[in-house]
Amino acid sequence: MFEFNQPPDLSVCEPTRQRVRAFLAAEVERGSFKPWEVTWTTFDRGFSRRAGTAGLIGMTWPRAYGGQEATALERYVVVEEMLAAGAPCGAHWIADRQSGPQILRHGSERAKQDILPRIARGECAFGIGMSEPDSGSDLAAVRTRATRVEGGWRINGTKVWTTNAHQVDYLITLVRTAEPSAGKHEGLTQMITATGQPGITVRPIRDLSGHHEFNEVHFEDYFVPDDMLIGEPGSGWRMVTAELAYERSGPDRFLSAWQLLAALVDAVGHGPDAQQAVQIGRLVAHAATLRRMSTGIAGLLERGANPQVEAALVKHVGTGFEREIPEIARLLVEAGQQGEAGQRFADALRHVTLAAPSFTLRGGTREILRGVIARGMGLR
């Protein structure tokens, strides 16, 4: 029913793993970041530039566009190590994970030559312009409209929950370019929109912790030239669904709280009581299972498959697992534990607890994902 198959052998990527570990150890040594105080969404252009210089961004792309022509599995290993280390990857994450690959497959030659090398150098950041006000997780209910004009398109409308829109250089924006003839999934198109240009306004949305990561983005007569389209007009829904397989299946869907799990193990120490041993063992077993599922999808993507349903399943189970970690952790370790391990645990618990409500929202809510999975199983 689900095509996870035998996960690929990642041992062949060991040289890559050692290379990224050395890079991350050097970053921690220089004080670039404290693993338990940041996450992969933390926006740090300096870190991303150094990662680009080390050849850790855009790895699978052709050398002509700044890539290393590495395998998808080598890239998976780099992503996994970045997450496990708690590295601040937010400035290059979306561009490397999905925007760059979309441009590589479906963008114009101008977009490829102008944008991809800058992404690979860690100099160009992307956001995702999909969600809209009053639409919830119904991604196809797009009302932002692009109208044909000489040489391109004019966009009018609003996007919401756009992560780091106030800091990125571009958004890949999903717009409606024609009236749907057979359903609301028709007539949609993706376009590359540059921030900081006339006709685009970004307003902050502050989260529970007071951080400014989310944004509302308003377009008013914003011009997009023809060569900044992703694919052909009307192909947007097909592009989006393929893109979501990359967004939902990666290790970021079960390793966002990994630093808290590691801090929990250190805080408990070598003599856990019965409850601590059972609960930590269960969390580790779940993490191992999710990793097996995720690497199985990486193998499918490497072979050119489009595992949308499998990706939805990993995202649904994985982000639920992430939200469970702080709830279990706070019950296993007494507050105010002293020492370095205790302080690290307290810092990680505070950070993850505040961030956890967003885990099951970003990339599609659990309700929407259950619908995708049910449809894939033939239940609806």
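Which residues in α7 meet which residues in α9? In this predicted model, L260, L261 and L264 are the residues of α7 that meet I325, P326, A329 and L332 of α9.

**Helix α7 against helix α9**

- The axes of α7 and α9 lie 10 Å apart, and the two helices pack at an angle of about 20°, which makes α7 roughly parallel to α9.
- The crossing in which α7 passes α9 is left-handed, and the contact between these helices, sorted by class, has 7 nonpolar residues, with no polar and no charged ones.

**Helix α7 against helix α8**

- Helix α7, which covers residues 258-268, and helix α8, which covers residues 274-302, have axes that come within 11 Å and cross at roughly 150°.
- With angles over 145 degrees counted as roughly antiparallel, α7 and α8 are therefore roughly antiparallel to each other, and α7 passes α8 in a left-handed crossing.
- On the α7 side the contact is made by W258, L261, L264, V265 and V268, while Q276, I280, L283 and A287 make it on the α8 side.
- Sorted by class, this contact of α7 with α8 has 8 nonpolar residues and 1 polar residue, and no charged ones.

- The buried residues of α7 are Q259, L260, L261, A263, L264, A267 and V268, and what covers them includes α3 (72-85), α8, α9 (308-332) and α10 (339-355).
- D266, which has its place in helix α7, counts as partly exposed because its relative accessibility is 42%.
- Leaving aside residues up to four places away in sequence, D266 touches A341 and R344.
- The C-alpha atoms of D266 and F345 are separated by 8.1 Å, although these two residues are 79 residues apart along the chain.
- Just after α7 comes G269, which takes a positive phi of about 80°.

**Aromatic pairs**

- How many aromatic pairs are there? With ring centres required to lie within 6.5 Å, the count comes to 6 aromatic pairs.
- In one of them, W40 and W93 have ring centres 4.9 Å apart and planes at 35°, so the pair is tilted.
- W40 lies in the loop between α1 (14-29) and α2 (45-53), whereas W93 lies in helix α4 (residues 93-106), so this pair ties together parts that are 53 residues apart in sequence.
- Are W40 and W93 buried or exposed? Both W40 and W93 are buried.
- F126 and Y170 also form an aromatic pair, and this one is stacked, with 5.2 Å from centre to centre and 20° between the planes.

Definitions and conventions: Residues are numbered from 1 along each chain as its sequence is written. This is a predicted model: local features need pLDDT of at least 70, side-chain atom pairs count only at pLDDT 80 or more; totals for chains, interfaces and linings use all residues. Side-chain values use heavy atoms; hydrogens and water are left out. Axes are lines fitted to C-alpha atoms, for helices over the stretch in contact, and angles run from 0 to 180 degrees between N-to-C directions. Helices (H or I, at least four residues) and strands (E, at least two) are DSSP runs, numbered from the N terminus. Angles under 35 degrees count as roughly parallel, over 145 as roughly antiparallel, 65 to 115 as roughly perpendicular and the rest as oblique. A crossing is left-handed if the near helix is turned anticlockwise from the far one by less than a right angle, and right-handed if clockwise. Contact means heavy atoms within 4.5 Å. Ala, Val, Leu, Ile, Met, Phe, Trp, Tyr, Cys and Pro count as nonpolar, Asp, Glu, Lys and Arg as charged, and the others, Gly among them, as polar. Rings of Phe, Tyr and Trp (its six-membered ring) pair if their centres lie within 6.5 Å; planes under 30 degrees apart count as stacked, over 60 as edge-to-face and the rest as tilted. Buried means under 20% relative accessible area, exposed over 50%, partly exposed in between (1.4 Å probe, protein chains only).
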